[in-house]
Each structure stands twice: as C-alpha cells, then as structure tokens.
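Please look through the sequence and the 3D structure shown below before reading on.

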Amino acid sequence: MGTVIKSQGTELFWASGASAATRVVCATSISGLGGAKDQVETSCLDNTEDKTFIGGLGNPGQVTVGFNVHKGEISHEDILALKAAGTVVSWGIYSSDAVTPPTVTGSVMQPVVGRVSAIFQGYVADINIDIQGNDIWKGTITIQRSGPVTFDLLIPAS
C-alpha cells in the first residue's frame, strides 16, 4: 500500500528559460489540477429511454495558487511579468520527498527522481492581491492550463 503525500515542503516552479526554473516563493495552496472531458452524444433516433455519450476532449481548468506577497521578491515580480506577456510556460509541482531541484529541458519542466510531481503547461491569467486589516498581503495566481497534467506518483523506495 502506498503512503500519503505531505503538503509541507511542496514547491511550485515554472520554466523561466530553455534550461532554467524559477520557484514561486511562499506558495500557500495549489488547487485545480482537474478538468472534465466534454461529452459527445452518440444517441440514435431509435433510442427511447436516455441519450448515450462517449468522452470527448478534456477541458483544462484553471490552477489557483495562493501565496504570501514578499516585498523585494524577484519571483513575484516575474509572475507579474508573465501575466503581462500572456506566454504559455511549463509549470511543475514537486513534493517534499527529496530536496533535489527540478530541471528544465527545452523549456519544459522535468520530473525529479525521488519526488512526486505534476507537470503542465499554462499562462498566468490573473493575479489578485488581498489586503486586510491586521494581516499580511496575500495573493492568488490563476494559471489557465493548456493541455493535460502529467503526474509522476511513483518514486523509488528508499
């Protein structure tokens, strides 16, 4: 039987160059790696009870990333620039099972031996900053996925 994946130590990176990765500093949550498939109707005129369907293309959803805003943090400035550019880049979410940093090959994030990962393509669709009394500045990055998520849940046993 497998073991659970702890969220503590999880890191989010994007391919900031052909062979460079940048970490999103102080991410606090990541959600939205799903996306339902379209339904393609296959009903015939002689169906008398219910319609019939097959699965169609998937609809990549939006990935939402909460983060604590840090003044002077270059990666936060870079995320703002990604939104302005609208460029689709490769993103990778990596577990805390190891500390080996991810690599980028041809502008695509790569799985890391010993770390569970989820890799996808997407562009920064929105950045929202929330400021409330007696609190810190908190942000939300919305990444519109383009294409599937590739999960690597199998890591070698220690």
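S107 is partly exposed, because its relative accessible area is 34%, where buried means under 20% relative accessible area, exposed over 50% and partly exposed in between, computed with a 1.4 Å probe and protein chains only. This is a predicted model, in which local features need pLDDT of at least 70 and side-chain atom pairs count only at pLDDT 80 or more, while totals for chains, interfaces and linings use all residues. Residues are numbered from 1 along each chain as its sequence is written, and side-chain values use heavy atoms, with hydrogens and water left out.

**Positive phi in loops**

- S107 sits in the loop between β8 (104–105) and β9 (108–109), where strands (E, at least two residues) and helices (H or I, at least four) are DSSP runs numbered from the N terminus.
- Phi of S107 is near 70°, a positive value in a residue other than glycine.
- Most residues other than glycine have a negative phi.
- N134, in the loop between β10 and β11, also is not a glycine and has a positive phi of about 55°.
- N134 counts as exposed because its relative accessibility is 85%.

**Aromatic pairs**

- A search of the whole structure finds two aromatic pairs, a term for rings of Phe, Tyr and Trp (its six-membered ring) whose centres lie within 6.5 Å, with planes under 30 degrees apart counted as stacked, over 60 as edge-to-face and the rest as tilted.
- F13 and Y94 form an edge-to-face pair, with 6.0 Å from centre to centre and 75° between the planes.
- This pair links distant parts of the chain, since F13 belongs to strand β1 (residues 11–15) and Y94 to strand β7 (residues 89–94), 81 residues apart.
- F13 is buried, with a relative accessible area of 9%, and Y94 is buried as well, at 0%.
- The rings of W14 and W91 have centres 5.7 Å apart and planes at 45°, so this pair is tilted.
- W14 in strand β1 and W91 in strand β7 are 77 residues apart, and their pair too links distant parts of the chain.
- Both W14 and W91 are buried.

**Around S75**

- S75 lies in helix α1 (residues 74–85) and is buried, with a relative accessible area of 4%.
- Apart from its neighbours within four places in sequence, S75 is in contact (heavy atoms within 4.5 Å) with W14, T22, R23, V24 and V25.
- A polar atom of the S75 side chain lies 3.5 Å from the backbone nitrogen of V25.

**Strand pairing**

- β7 and strand β10 (residues 117–130) run antiparallel and are joined by six bridges, two strands being paired if DSSP finds at least two bridges between them.
- Within this pairing, G92 stands opposite I119 in β10.
- β10 also pairs in the antiparallel sense with strand β12 (residues 150–152) over three bridges, and the bridge partner of S117 in β12 is D152.
- Eight bridges join β10 to strand β11 (residues 138–145), again antiparallel, and T142 in β11 is the bridge partner of D126.

Key
A polar contact is a pair of N or O atoms within 3.5 Å; within protein, one must be able to donate a hydrogen and the other to accept it, and residues adjacent in sequence count only if both atoms are side-chain atoms.
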